[in-house]
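Hi everyone, thanks for making time for this.

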Amino acid sequence: MGILLFISVLLVAACGLIYELVAGTLASYLVGDSVFQFSTIIGTYLFAMGIGSALSRYLNRGLVYRFVWIELLLGVIGGFSSAVLMMAFAFTQGFEMILYALVIVMGVLVGLEIPLLMRIVRDRYEFRDVIAHVLTFDYLGALGASLLFPILLVPRLGLVRSAMLFGLVNAGVALWTTYLFSTQLSGTRTLRIACVVVLCGLGLGMAEARRITATAEDNIYADDIIFARDTRYQHLVLTRFKDDLRLFLNSHLQFSSRDEYRYHEALIHPGLAAVPAPRRVLVLGGGDGLAVREILKYTQIESITLVDLDPEMTKLFSTHPMLTQLNDKSFLSSRVHIINADAFPWVDSNTDSFDFIVIDFPDPTNYSLGKLYTTAFYRAAARHLSAQGMLVVQSTSPMFARDSFWCIAQTLKQAGLQTYPYHVYVPSFGEWGFVLASTHEYTPPVLLPNGLRFINVEGLPALFQFPPDMAPLPVPPNQLNSQVLVRMYENDWKDISH
Amino acid sequence: MKVGRRNFLRAGSAALVGLSLKTDRPIAGSFVNDSFQMGHLLRDRASFPAPKRIEKFPVVIIGGGIAGLSAAWRFRKRGFTDFVLLEMNPQAGGNARWGENEITAYPWAAHYVPVPGPKTEYVRELFEDLGVLKNGQWEERNLCFAPQERLFLYGRWQDGIEPAIGLAQKDHDQFQHLEDLFAKFRASGEFTIPVELGRSSKFQELDRLSFSDWLQQQGCDSGLVNWYMNYACRDDYGALAKDTSAWAGVHYFSSREAEEKGPLTWPEGNGWITRRLLERVGENVRTNEMVHRITETKRGISVFAGDAEFQSEFVIFAAPTFLGPYLIEGFPRLHDFVYSPWLTANLTLERLPDSRGAEPTWDTVFLDSPTLGYVDATHQSLRTHIERTIWTFYWALAEGAPAQNRQLLLDKDWTYWKEAILHDLERVHSDIRQCVSRIDIMRMGHAMIRPAIGSVFSEERRRLTRRNTRLLFANSDLSSISIFEEAQYHGVLAAQTVLDHLHGHR
């Protein structure tokens, strides 16, 4: 009996540590700052164990009976802790409160276990043997759990099922105890039924864990993920909620199908409609084909060259039915030529001239992208402009990133161009800005293609008006050797997000 | 399959610590561009063939580094083409040599030029010629892109190389004190580039003590201050502060205005300048031409290289000065010319190491490393997406005597240096062995002149700077500071002096 008893000590200790690790890991995953999460969770947990140990002195009779119930409770609470926490994060505001409440309850229960066990076996052994054996197996269990957790459990089972597995172990120990100590127990039948119920519940949980995780994750990402891929160049995620398709590149929203027409009409028409007899257009970036869809509305345009880094992106938007519906199969037009290349070297080495150039890159979130917002790049791009040509740059938000927006305008100016900044409201983005640039005077167009939903001739002049809270700021231009824009952009967004 | 207990244990314990998943890449590479064999032929006075043919040029330039190429550039720019430049190595460039593979071009030695100040007239003229300076504006693409430099210290990264985090008040005060002192030295106008244009005997006493003694005199005992001062000396002079003339140490910090926009750099470092110069003067350059004797004759001066005798009126000696006693008949032994041994390595990376939140920079330095860190050759690339790259790793063997370190360079094999380099990088990039696929190593016994104590104002050096002879020395050794601007200055000046003589004769 001795060794069996001590093995249950080992298992119980392992369970206790696993719940603690699950809580710490989940909190780090979901909230971040792993040092803080692990420190506070371990501290709280150990403190709660102390409370449990202190409370153990008030349990006087029916120690085995109480131990079995503690194991069952711990099996249920610990076993479902991970699932509960994921749901709590996905569906409630009170993740932290639930986290620490769970940690305290589990800690108290775990704290009760060892004192109770010691007292249960104290009559069988000498005191010093009880202490030595129980603690030895307690620490061994902790070692086993701490090694199993990162090496096997998390990679193989995931957090939800790992917790449940150890819930099963707890319930198993409870059931086992009813046999080990059957002589000291009355009402073993009820206890065993309870054990079986808990075991079944946890077993079911294991089987359904995938659905629990999926439910929680769906809610964390708000919408259904219908496509996700790590390409060589970026992390591409497409989500759908009812009729709203959204594209995220490296977690940055690129468009929402509900209002992207506002963005893309604003990107193209104020500039392109003002170019007399445009024939050749260049799009840099814009691998979603939505800007090209707008450009194709000009029947006199003979050729559209699109340069986008990522072939998987342009392929996706040439083939995926939902996406080709969104971009009107723009990439399948015979007027469109797709080139998958890095924009700056391409612009440098190509010698063609264009009547309209669209520069639609992701925001300057790092120094690599920052190169595409420099005087050097705009000078190189402007060399491709025909005499009457215009160039337009997506320029982030003049509201949320006011310095960055005016820095882009200033950079274009520094590159020797006349600039005409404007802005529109795109619900999923907020206020968004663009800068038109050319080597000649710009006057807004008086004629636009038919069928536009947002841009109209009457409304155009208003787009070029900036209210005081978005008005120009004196900022330096962005250059390869300074890259002030990247830092500016980081600061701008830091102020309004966290 | 039977698994022995030992194997099982080994595999098991490896799996436990997670090592079994990582595999180091096999690393290829070798020593490259070795040139000491040729140097040793000269040193050991090997017998060279008697001349079989005679060629006549009014001017012969010896050495195809920046000084020699700059002399050639000046000649051709002034319309004088009747000269030949003899380079010992298969590739011209000297300390501005470069390499290239399918990933990028990369430097073998010097990799930048600070934005030249107003006194550096010839460098500005060159950069105007090369399109780097246009209408008073520096070409943005040739200025080092941001972010430029980072230092790894206390397990984290900081911007810039001068230690800025974890400074005690004392460190801070001493940095400030030195900055104030250097500002005064700068204002004195004595510490200029080129050195020759500012230097008078005013601060000559600084040349009589070491930079580290001088720092001590200023009360600088901070470890960080001393690390930084030593880093500067190792980086520019290949020497520790205790082996550097205080005059040269002060010059490093007092000769340039603080400017934000520089330096100028290219993927292949100063190799880019070499390439542009070769486009302009290449037809006068002969490589693999090892000069083995220079003799003054009654009518002129003869240069013997291979099986040819080049009879000329003037010779511009743009090779390192230490070769003089071995080449020039009747040339005295030199005492004041000390050279620092270096090692550079080019590492091919199949991917970048995990950056732990720090964006890669152009130049990366580690605190308290004996090496100088590395420079990323694709930093000046215009691409946004870079997977593979080349790092040029710099290591001035400054600790100990130069002669011993030269011997060490010769004695140790490629594997030894490869491991030493990886050990250094591993302290910061723990996954470096999974990234690197090739390490080529260039050993340079006499990589650069060292401004040793007493050498800046040495009489020997002053004698060699005389320009009223048929044999003109032109190299950065004359300045005791091995930088691009000095080499170019002496090259151009020697060429101009020769032109004046030739025109005077006619």
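One thing before we start: what you see here is a predicted model.

Okay, chain B. Have a look for an open sheet of four strands; the order across it is S2-S16-S15-S14, and the pairing is mixed. Which strands stand at the edges? Those are S2, residues 53-56, and S14, residues 291-296, and each has a single partner strand, so one side of each is left without a neighbour in the sheet. On average, neighbouring strands here are turned by 20° against each other, if you ignore direction.

S2(B) runs parallel to S16(B), which covers residues 308-312, and four bridges join the two.

Then the last pair. S14(B) and S15(B) are antiparallel too, joined by five bridges, and they form a hairpin with four residues between the strands. B:Val291 has B:Ala305 in S15(B) as its bridge partner.

While we're on S15(B), which residues make up its covered face? That would be B:Ile301, B:Val303 and B:Ala305, while B:Ser302 and B:Phe304 are on the uncovered one.

Right, over to chain A and a pair of helices. H4(A) is residues 95-121 and H5(A) is residues 127-180; their axes come within 10 Å and cross at roughly 140°. That makes H4(A) oblique to H5(A). As for handedness, H4(A) passes H5(A) in a right-handed crossing. On the H4(A) side the contact is made by A:Ile114, A:Leu117, A:Met118 and A:Val121, and on the H5(A) side by A:Val130, A:Val134 and A:Asp138. Sort those by class and you get six nonpolar residues, no polar ones and one charged. A bit of background that helps here: an α-helix has 3.6 residues a turn, so residues three or four places apart point the same way.

Follow H5 along and you get to the loop between it and H6 (188-220) of chain A, which is where A:Ser186 lies. Is A:Ser186 buried or exposed? It's exposed, with 10 other C-beta atoms within 10 Å. A:Ser186 is also 122 residues away from A:Val64 in sequence, yet their C-alpha atoms are 9.9 Å apart in space.

One more helix in chain A: H16, residues 484-494. Its buried residues are A:Val484, A:Leu485, A:Val486, A:Met488, A:Tyr489 and A:Asp492. Among the things covering them are helices H12 (367-370) and H14 (402-414) of chain A.

Last stop, the contact between the chains. How many residues does it take from each? There are 22 from chain A and 14 from chain B. On the chain A side, H5, H11 (343-349), H12 and H13 (375-382) each supply at least two residues. By class, that side has eleven nonpolar, eight polar and three charged residues.

Conventions:
Residues are numbered from 1 along each chain as its sequence is written. Chains are lettered from A and ligands numbered from 1 in the order in which they are written. This is a predicted model: local features need pLDDT of at least 70, side-chain atom pairs count only at pLDDT 80 or more; totals for chains, interfaces and linings use all residues. A residue is buried if 20 or more other C-beta atoms lie within 10 Å of its own, exposed if 12 or fewer, and partly exposed in between; C-beta atoms are placed from the backbone. Two residues are in contact if their C-beta atoms, placed from the backbone, lie within 7 Å. Axes are lines fitted to C-alpha atoms, for helices over the stretch in contact, and angles run from 0 to 180 degrees between N-to-C directions. Angles under 35 degrees count as roughly parallel, over 145 as roughly antiparallel, 65 to 115 as roughly perpendicular and the rest as oblique. A crossing is left-handed if the near helix is turned anticlockwise from the far one by less than a right angle, and right-handed if clockwise. Ala, Val, Leu, Ile, Met, Phe, Trp, Tyr, Cys and Pro count as nonpolar, Asp, Glu, Lys and Arg as charged, and the others, Gly among them, as polar. Two strands pair if DSSP finds at least two bridges between them.
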